[in-house]
Amino acid sequence: MNAGTVAFAGSALDRADHVRSDPDALAQLMNGSARLLRLQGLDPVISDEGTLEWGSLAEADPASEILFLGLDGKRGCFAQVPPSLMGSMAPPRSRSWQAMTMLGVSDLATYGGARSLVDWHARHRFCAVCGSPTKIAKGGWQRTCAGDDCSAEHFPRVDPVTIMLVEHEGNVLLGRQPRFPPKNYSALAGFVEPGESIEEAVARETLEEAGVRVRDVSYVVSQPWPFPSSLMMGCHAYADDPAITVDETELEDARWFSRDDVADAIVASDKGEAGRSFQAPPRVAVANFLMRWWLNRS
Ligand SMILES: [Zn+2]
């Protein structure tokens, strides 16, 4: 079984950082051959061929902010923050997010990055230091406070989240939240807190959610998850004591699953079905990647 790639990583666009801070170079790229990513709200517009749809900058709302996504060869690729989105709160996850998985690897990653960036601009109209309006800078990779005595610089945020497969004698610990579809179990996960390493976050979350102590935390893989701006950091750890105490404010259930259970669920998930003992998360989720990685490893 191949672990495959993680979704939302692998964009073919050149981020061209040197262009962002060069207003003349940026202006030159905003020409007739430049491409504007078509979005409906924050959802992608997907062609019949299953690719992202792009238009020209002439389609942009004159009152919108234009974000530089990167270069496709010599062409500049952009997205817009239209006035209708400014100051609005995005839904935590688009209703049509599963349609996005029709996109190829690069398109899905390009869309995910654009979605996070557009959403950040929509929700960061004012300075967190002084409350003055902020204005777009560096092609959209910064906002700068317009307040006279402030000029604070604000950068698009990325929120680190640990997600971990904890192993005990060939079984792995998976849990389900009340909002999950029936039979669905996934790896435990939680945000990293200030003053905490990745390893400490893995240990704390596993103890909090399932009452299980872990050791030997190791990093496996990461995934940008643009709902709205998480960076999932996939880890593996071992437990010595399998006794589980579920924190019912976070989880409905947590239990150990055997290698056969996981292998069966992963094979079934490729057909969009539930396995005998549980339903694995979809392939787009890094938890699915972690399970494949673990099956290959053990
Ligand atoms: Zn300010």
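**Close-up views of a predicted model**

**View 1. The largest nonpolar core.** Of its 49 residues, Leu69, Leu174, Val262 and Phe278 touch the most other members. A nonpolar core here is a set of buried Ala, Val, Leu, Ile, Met, Phe, Trp, Tyr and Cys residues joined through side-chain atoms within 4.5 Å. Buried means under 20% relative accessible area, exposed over 50%, and partly exposed in between (1.4 Å probe, protein chains only). Two or more residues each come from strands S5 (65-72), S6 (75-81), S10 (159-168), S11 (171-176) and S13, and from helices H4, H6 and H7. Helices (H or I, at least four residues) and strands (E, at least two) are DSSP runs, numbered from the N terminus. H7 gives the largest share of this core, seven residues. In soluble globular proteins, nonpolar side chains tend to be buried together.

The model is predicted: local features need pLDDT of at least 70, side-chain atom pairs count only at pLDDT 80 or more, and totals for chains, interfaces and linings use all residues. Residues are numbered from 1 along each chain as its sequence is written, and side-chain values use heavy atoms, with hydrogens and water left out.

**View 2. Leu174 and its surroundings.** Contact means heavy atoms within 4.5 Å. Neighbours within four places in sequence are left aside; Leu174 is then in contact with Leu165, Tyr185, Ser186, Ala187, Leu188, Asp253, Ala254, Arg255, Phe257, Phe278 and Met291.

View 3. The ideal angle for four tetrahedral donors is 109.5 degrees. Cys130 lies in the loop between helix H4 (105-123) and strand S7 (134-137), and Cys150 in the loop between strands S8 (142-145) and S9 (153-154), so the pair ties together parts that are 20 residues apart in sequence. Cys130 is partly exposed at 41% relative accessibility. Cys150 is also partly exposed, at 24%.

**View 4. Glu193 and Arg204.** Their side chains form a salt bridge, 3.9 Å from N to O. Glu193 sits in the loop between strand S12 (188-191) and helix H5 (198-210), and Arg204 in H5, so the pair ties together parts eleven residues apart in sequence. A salt bridge is a side-chain nitrogen of Lys or Arg within 4 Å of a carboxyl oxygen of Asp or Glu. By this rule there are 21 salt bridges. Glu193 is partly exposed at 43%, whereas Arg204 is buried at 16%. Salt bridges that share partners join Glu193, Glu196, Arg204, Glu205 and Glu208 into one network.

**View 5. Asp270 and Arg292.** The closest N and O atoms of this salt bridge are 2.5 Å apart. Asp270 lies in the loop between helices H6 (259-269) and H7 (286-297), and Arg292 in H7, 22 residues apart. Asp270 is partly exposed at 45%. Arg292 is buried at 2%.
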